[in-house]
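Hi everyone, thanks for coming. Let's have a look at this one together, and do keep the view open while I talk.

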Amino acid sequence: MATNFTTSNQLSQREDLANWISNISRDLTPFKASIGTSKATATTHEWSTDTLQAAGLQAAAEGSAYAVSTSPVITRLNNITQIFTKGIEISGTLETVDKAGRKSEFKYQSEKRGKEIMRDIEATLVSKQLRTASASATGNIQAAARLMGGYESWVGVAQEAGGTLQANGTAGTGVSVWNATGSAATFTLDDINEVLREINGVTSAAPSIVMMSTAQKVNFSNLINTSAMNTRRNIDEKGKLRQSVDLYESDFGDVEIKHNYLMGDTSIFIYDPSSLSLAALRPVHFRDINEVGDALRSFMVCEHTLEAKAPTGNGVITNASLT
């Protein structure tokens, strides 16, 4: 015979709520983690690049007169610092009551905002955003936000997927990006090799990373493992077969294949991480704001820009499809 449970018995049961919180969002920043850091001292961050005179055949006669050698002019480049912010506001009650998984709501939300601001910086770095300064409107209050030029605006060499090297007169200066000229196509090892060849022909930069979206990483591994090329598949001591391709030995050295979940699917980056830096004018810090009524408030802010020391050593494959 079935047992009847009274409403009062059901109401006396404790809720089964675990005393922890699982955050399922990714907080990795692959591009930012791969490059260096530096310091900016003004909102317009400048640096200089120089080149050698083109190599050529020469010979001097014994006892010939001295001649001054011409030299390329040093070039000054600059990028604009961009301000990133996150606001936090917590009621006094929420901060005080007993909560599952955290003691201080304010501290917990601060940690979340910190991870979010790092992801915002990463998304900006791998974007097509152009360098944009903002003139002051009234005193120090600006009419619009300053924007840093993302990686794709600091690329000196571009290859259209399945196509040819592209030309862009203002490439690698933060003010323009490489635009597709034909139909989208699947990128191949030939595209990577062509970018590496061009970079190695004109610059001392040594690209060691090929970065692509998560979808393109899967597509690339499948392409390599199912193609007719001579691909060695790695089986470790435990007998595990690795499907992914993480290292490609090219004619110009080894390059690491990395994926970035915040990148778009149509571009593949090829770069030397030692030639790029995230320059900080103001590192991440809190600006305390006076309490308003019964609420705790704070303001997280930082100011950064991308420093591209050798734009001619940065490459991109554009107009890549997933099929």
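Let me start with one serine. S267 touches K128, E152, V316 and I317, leaving aside residues up to four places away in sequence; contact here means heavy atoms within 4.5 Å. A word on what we're looking at: this is a predicted model, where local features need pLDDT of at least 70 and side-chain atom pairs count only at pLDDT 80 or more, while totals for chains, interfaces and linings use all residues. Residues are numbered from 1 along each chain as its sequence is written, and side-chain values use heavy atoms, with hydrogens and water left out.

Back to S267. You'll find S267 in the loop between β10 (253-260) and β11 (268-271); helices (H or I, at least four residues) and strands (E, at least two) are DSSP runs, numbered from the N terminus. Is S267 buried or exposed? S267 is buried, at a relative accessible area of 5%, where buried means under 20%, exposed over 50% and partly exposed in between, with a 1.4 Å probe and protein chains only.

Six strands form an open sheet with mixed pairing, in the order β7-β14-β11-β8-β10-β9; two strands pair if DSSP finds at least two bridges between them. At the edges sit β7 and β9 (247-250), each pairing on one side only. Inside the sheet, β11 pairs with β14 (residues 315-318) in the antiparallel sense, over three bridges. Within that pairing, I268 has I317 in β14 as its bridge partner.

On to the core. Which residues have the most contacts inside the largest nonpolar core? They are F31, Y151, F269 and Y271, in a core of 28 residues. By nonpolar core I mean a set of buried Ala, Val, Leu, Ile, Met, Phe, Trp, Tyr and Cys residues joined through side-chain atoms within 4.5 Å. The elements giving two or more residues to this core are α4 (105-125), β8, β11, β12 (276-288) and β13 (295-308), and β13 gives the most, with four. Ring pairs also link F31, Y151, F269 and Y271 into a cluster; rings of Phe, Tyr and Trp (its six-membered ring) pair if their centres lie within 6.5 Å, and planes under 30 degrees apart count as stacked, over 60 as edge-to-face and the rest as tilted. Y151 touches F269 and Y271, among others.

That's my tour, so over to you!
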